[in-house]
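Have the model open while you read.

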Amino acid sequence: MAAEPVNVNEFRELARLSLPKMYYDFFTGGAEDQYTLKENEEAFHRITIQPRILLDTSRIDLSTTVLGYNISMPVLIAPTSRHKLANPSGEIATARAASACNTIMVLSISSTCALEEVAACCYTVRFFQIYVYKRRDISAKVVQRAENNGYKAIVLTADSPRHGRREADIKNKLVVPELKNLEGLLSTNFVTDGGSNLDALANGTRDPSFCWEDIGWLKSITKLPILIKGVLTHEDAIKALEVGAAGIIVSNHGARQLDYCPPTISVLEEVVHAVAGKVPVFLDGGVRRGTDIFKAIALGARAVLVGRPVIYGLAAKGEYGVRRVLEMLKDELELTMALSGCSSLKEITRSHVRTRHDQQLLSML
């Protein structure tokens, strides 16, 4: 019997042993050379923590708020697709784990459980992630269903006018199931001569003409706040503010879209400075340790989103596995805060971390 994992990274190997190779590759893979995939994690390793000593850390408070909703820790579940490929209970198991840990789940429009099923399975604050399709009426119907079923925000994935080239999926000739949220609205059964049918599905249905000016249309069909996911630059952060985004998610789509774009932690501070506190900024990508969360908070993130680790937990041990992944990250963050002299998230400041740029400046003194 395999030993119980002691950190989030160890769930990956359990997932590999549990999943067919095609599905494991689908969840773990990135675009093309997978440079950005590696860098999303490696970039965290180049940031050091500057602890303070002899401070009262007898009580540590990890709680925070996201769009006014209280959560137990600055960790949200990122929108990831097709959870039933990892576990038969799919997104329902993931949602129940989020509820047990008192945090927010962002449900993907590409889920294998219908958004109504997930809404009914337990009480937790849920956001809903969307792509905009060529048939805007379909996107509008799904957004309205999410609003009617109690989802509290819309997360617009804005970095996918076309599907990234994921070579493992092409080699494996990946075939994915139809999407529950689009049943009766849009055929997702695309046939391709070779490679992944996910490429054909994404490129055949998503609207590559959707642009900043169209955010007004999205705002017109829902009363929910809209977070824009996929921002990596100062310029796009400013644009997001101008169109009325309620929050910004610094993300490179788990390194599954454009290879050689920057790792998210390396551009977080640029986006935070551009936003200047007007809306919350979140970090998505590469988080595997409580120290990673601490670094993101120090660089200005309100919270982080975790995707692949949740899938690994789900594949390995179902709902319990997802819960353990979240609990491990929470426990590690609490320990990091204690050892760094911080008793609450607001006490984590920019002076608690040193980036490579900081180190270069210091070497010039």
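Buried here means under 20% relative accessible area, exposed means over 50%, and partly exposed is in between (1.4 Å probe, protein chains only). Helices (H or I, at least four residues) and strands (E, at least two) are DSSP runs, numbered from the N terminus. This is a predicted model, where local features need pLDDT of at least 70, side-chain atom pairs count only at pLDDT 80 or more, and totals for chains, interfaces and linings use all residues. Residues are numbered from 1 along each chain as its sequence is written, and side-chain values use heavy atoms, with hydrogens and water left out.

Let's start with β8 (residues 226-231): six of its six residues are buried. Strands pair if DSSP finds at least two bridges between them. β8 runs parallel to β7 (residues 154-157) over four bridges, and also parallel to β9 (residues 247-250), again with four bridges. Leu 227 is the bridge partner of Val 155 and, in β9, of Gly 247.

Now the rings. Phe, Tyr and Trp rings (six-membered ring for Trp) pair if their centres lie within 6.5 Å; planes under 30 degrees apart are stacked, over 60 edge-to-face, the rest tilted. That rule gives four aromatic pairs, including these two:

| Pair | Centres | Planes | Type |
|---|---|---|---|
| Tyr 35 and Tyr 260 | 4.8 Å | 10° | stacked |
| Phe 128 and Tyr 151 | 5.7 Å | 70° | edge-to-face |

Phe 128 sits in β6 (residues 126-130) and Tyr 151 in the loop between α6 (136-148) and β7, so their pair ties together parts 23 residues apart in sequence. Both Phe 128 and Tyr 151 are buried, while Tyr 35 is partly exposed at 37% relative accessible area.
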